[in-house]
Protein chains: 4
Amino acid sequence: MTASFGSRQPHHRRDRETTRAALLAAARVRFAREGYGGTNVRSIAQDVGVDASLVFRYFGSKRKLFDEASAEDAQAAGAVLAGPAEQLPTRLLEMILHEERPESAGEHPFIAMLRSADDETIRDRLHDQVCDTYIAGLRTLASGPDADLRAELFSAWLLGIGVARSVVRSDVLAEATLSQVAPYFERVADILLGGDGTETPNG
Amino acid sequence: MTASFGSRQPHHRRDRETTRAALLAAARVRFAREGYGGTNVRSIAQDVGVDASLVFRYFGSKRKLFDEASAEDAQAAGAVLAGPAEQLPTRLLEMILHEERPESAGEHPFIAMLRSADDETIRDRLHDQVCDTYIAGLRTLASGPDADLRAELFSAWLLGIGVARSVVRSDVLAEATLSQVAPYFERVADILLGGDGTETPNG
Amino acid sequence: MTASFGSRQPHHRRDRETTRAALLAAARVRFAREGYGGTNVRSIAQDVGVDASLVFRYFGSKRKLFDEASAEDAQAAGAVLAGPAEQLPTRLLEMILHEERPESAGEHPFIAMLRSADDETIRDRLHDQVCDTYIAGLRTLASGPDADLRAELFSAWLLGIGVARSVVRSDVLAEATLSQVAPYFERVADILLGGDGTETPNG
Amino acid sequence: MTASFGSRQPHHRRDRETTRAALLAAARVRFAREGYGGTNVRSIAQDVGVDASLVFRYFGSKRKLFDEASAEDAQAAGAVLAGPAEQLPTRLLEMILHEERPESAGEHPFIAMLRSADDETIRDRLHDQVCDTYIAGLRTLASGPDADLRAELFSAWLLGIGVARSVVRSDVLAEATLSQVAPYFERVADILLGGDGTETPNG
DNA sequence: CATGAATGAGGCTTCATTCAT
DNA sequence: AATGAATGAAGCCTCATTCAT
């Protein structure tokens with residue numbers, strides 16, 4: 001697990017902002033793939049081609065580096081809330097399925113954070129971020145009885161799809177595209193979010 | 001995370017098999033709650049009231065202990081496949097929601113294993129176990145186009161519910177009972193598993 | 001400053017209490033000579049012929065080791081209070097001059113602690129210990145105006161003698177014996193402690 | 001101990017000598033308060049508002065900076081020798097009690113140096129400086145038997161008063177003024193320095 | 001075989017110091 | 001010559017694991 005991720009440059013441009021940004025980027029990848037506890041700062045530094053002590057000079061501690069890295073992730077995750085509310089589920093799905101996310105190793109920010117959930121305080125932040133973005137956003141779409149529960153069930157599905165793809169590496173789902181998944185996704189969204197929650201699908 | 005789980009009593013029986021079983025049980029609880037990396041063998045031994053070196057004497061290494069412990073978990077998870085096939089989804093949901101699981105700290109075996117998924121080989125085993133039990137079982141219920149994908153999407157939902165409850169600690173879902181969730185669960189099961197997958201819900 | 005103090009055994013008897021006591025003894029010597037900050041736990045362990053991690057197993061941290069070591073010192077220092085009150089000054093002087101103190105490298109406990117006084121909390125403890133033993137003990141002997149000040153001035157002298165001997169290594173004083181110092185000592189004691197503080201020595 | 005001492009303002013003058021002097025002044029304060037080992041060159045540089053690398057450019061190493069800073073201290077301490085010999089004890093006491101010494105954080109140079117006495121070579125220099133100034137000066141005042149010893153005992157007292165005030169922070173003595181201490185001081189000076197050392201106080 | 005003392009590699013972090021610009 | 005980015009050695013501490021008894 002000390003393998004090389006990305007482009008371990010042998011040398012570095014002597015530029016504070018560049019190096020800092022490179023460390024942050026490397027940290028996002030490492031934390032996303034190996035979790036907080038599974039990542040050591042030396043490997044982050046090696047990814048950038050720099051001495052490990054620079055991490056402490058620039059970020060103060062491994063934990064502060066993680067905080068800064070995941071704050072960027074959270075911001076990226078929160079951006080999905082902008083836009084027409086009725087298309088939110090689709091945007092969330094797109095985000096979960098999206099592969100082009102080099103800044104966090106192709107993993108959704110929440111899935112990345114999940115890997116670090118053995119730390120209690122990190123788990124608290126994960127809870128807050130999921131509630132504040134996913135669930136709160138989806139909750140505005142649901143009405144009727146059990147609206148909270150249904151919003152959470154739908155969020156759970158999105159979370160589960162992310163886990164299945166990037167952790168479990170479910171055979172078909174891991175390679176599935178948006179157009180393959182969308183039809184089923186919309187029907188489930190109708191059931192869990194649309195309507196008043198009492199109508200039966202075939203009623 | 002040096003907190004005491006369970007009894008941690010001085011262990012006075014000199015019965016090798018009894019001690020071995022107790023270590024295995026303690027290991028399942030610890031690994032489930034704290035993940036592989038977050039668990040140290042000394043705390044497992046303390047839970048049983050014996051010295052840590054016995055773990056190595058009986059199991060060879062922390063890793064082999066984990067392997068044996070998670071093999072038991074996988075077996076427990078696989079037991080859900082026994083029984084009428086058409087009630088499998090409900091049994092799976094019951095299992096995800098079930099709290100009474102003292103042998104793995106109340107957590108579903110797969111969710112517990114997720115906590116350890118920063119190790120690549122552990123991730124491989126998680127993949128195999130999820131595919132061989134959940135997905136394979138659900139796959140027999142689905143027919144028509146995209147049956148594989150639909151079975152995986154449904155598995156993903158179960159996984160996601162487990163994650164939402166025990167990791168994210170989703171506000172409502174974490175406390176929800178089977179009777180609250182069942183209605184929505186069945187409708188989604190109909191869509192993802194039932195039919196040929198081409199019919200539209202309101203068609 | 002990583003030089004060998006004492007008898008760096010190459011091997012050790014496999015006995016917890018013996019090793020623990022040896023570490024504590026080595027720690028007292030190192031802390032006394034090099035101060036808290038100037039001592040590293042590896043050299044303490046090397047003095048005993050043992051791996052440095054044992055220090056943490058037995059004492060928890062470098063700081064707790066220091067606390068335990070200096071608690072023994074404080075106890076030794078406090079023992080001087082037992083006995084006839086009017087002979088206290090002489091006993092204090094004997095203690096300051098005493099060379100036979102292998103358990104703290106021949107240094108008086110307070111002088112040893114002085115070496116560590118760059119740490120604020122250690123300085124607080126030094127203050128308390130000096131006040132509670134030396135000053136409080138001497139204060140009972142002084143009466144009249146400025147009794148507190150005079151007791152502290154006399155304590156300061158004892159402290160200064162210790163510093164002069166073991167830190168500054170004052171040429172003559174460092175080698176002086178009790179019988180050489182005693183005459184002057186008693187006269188100063190008379191002035192600072194005896195009488196009501198107003199009489200003049202030749203009055 | 002990263003607290004700010006003094007001004008810590010951005011330093012804009014490009015005058016080499018000015019910066020050098022400012023670093024030296026800041027170093028004296030830091031070394032006096034925190035000792036050699038407890039001071040880091042970065043904080044000295046920050047006090048002046050320049051980069052730490054200037055310290056190495058100007059002084060070569062932390063140790064050479066310390067040497068130069070303490071040479072200034074020694075010179076300041078030696079200045080007390082100038083003046084009427086018979087008033088030397090009083091001048092020494094004034095110096096020990098004097099608070100207005102911004103160039104070394106209000107601490108007497110020797111007391112400051114004591115803080116760094118865990119380094120063997122620094123201890124040697126402390127020995128030389130104390131002997132060459134205090135003891136040599138006081139020695140000229142003492143005559144009769146044990147003159148050397150008595151001069152050293154008196155020096156030890158001065159040292160001890162300094163330690164009691166600034167390290168131990170003795171309750172009353174730490175706040176005492178010259179006029180409070182002077183009466184007792186003179187009587188002790190008479191005994192330790194005056195006379196031939198053989199007369200008894202009440203004789 | 002059981003026990004627990006001891007080990008050593010590795011992790012985070014600090015700090016004096018060097019080196020490219 | 002000045003600047004500040006980068007380095008590397010060393011310190012405290014944890015933990016899986018081995019070894020003497």
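Colleague: Which residues of helix 5 of chain A meet helix 7 of chain A?

Modeller: From helix 5 they are A:Leu88, A:Pro89, A:Leu92 and A:Ile96, which meet A:Tyr134, A:Gly137 and A:Leu138 of helix 7; contact is taken as heavy atoms within 4.5 Å, and helices are DSSP runs (H or I, at least four residues) numbered from the N terminus. This is a predicted model, where local features need pLDDT of at least 70 and side-chain atom pairs count only at pLDDT 80 or more, while totals for chains, interfaces and linings use all residues. Residues are numbered from 1 along each chain, chains are lettered from A, and side-chain values use heavy atoms, without hydrogens and water.

Colleague: Why are helix 5 and helix 7 of chain A called roughly antiparallel?

Modeller: Their axes come within 10 Å and cross at roughly 155°, with axes fitted to C-alpha atoms over the stretch in contact and angles running from 0 to 180 degrees between N-to-C directions. Angles over 145 degrees count as roughly antiparallel, so helix 5 and helix 7 of chain A are given that name.

Colleague: What makes D:Arg169 and C:Glu120 a salt bridge?

Modeller: Their side chains meet at 3.8 Å, N to O, and the rule asks for a side-chain nitrogen of Lys or Arg within 4 Å of a carboxyl oxygen of Asp or Glu. The rule finds one salt bridge across the interface of chain D and chain C.

Colleague: Which helix of chain D gives the most to the side that touches chain C?

Modeller: Helix 8 of chain D does, with 15 residues. In total, 51 residues of chain D are in contact with 50 residues of chain C.

Terms used. Helices (H or I, at least four residues) and strands (E, at least two) are DSSP runs, numbered from the N terminus. Angles under 35 degrees count as roughly parallel, over 145 as roughly antiparallel, 65 to 115 as roughly perpendicular and the rest as oblique.
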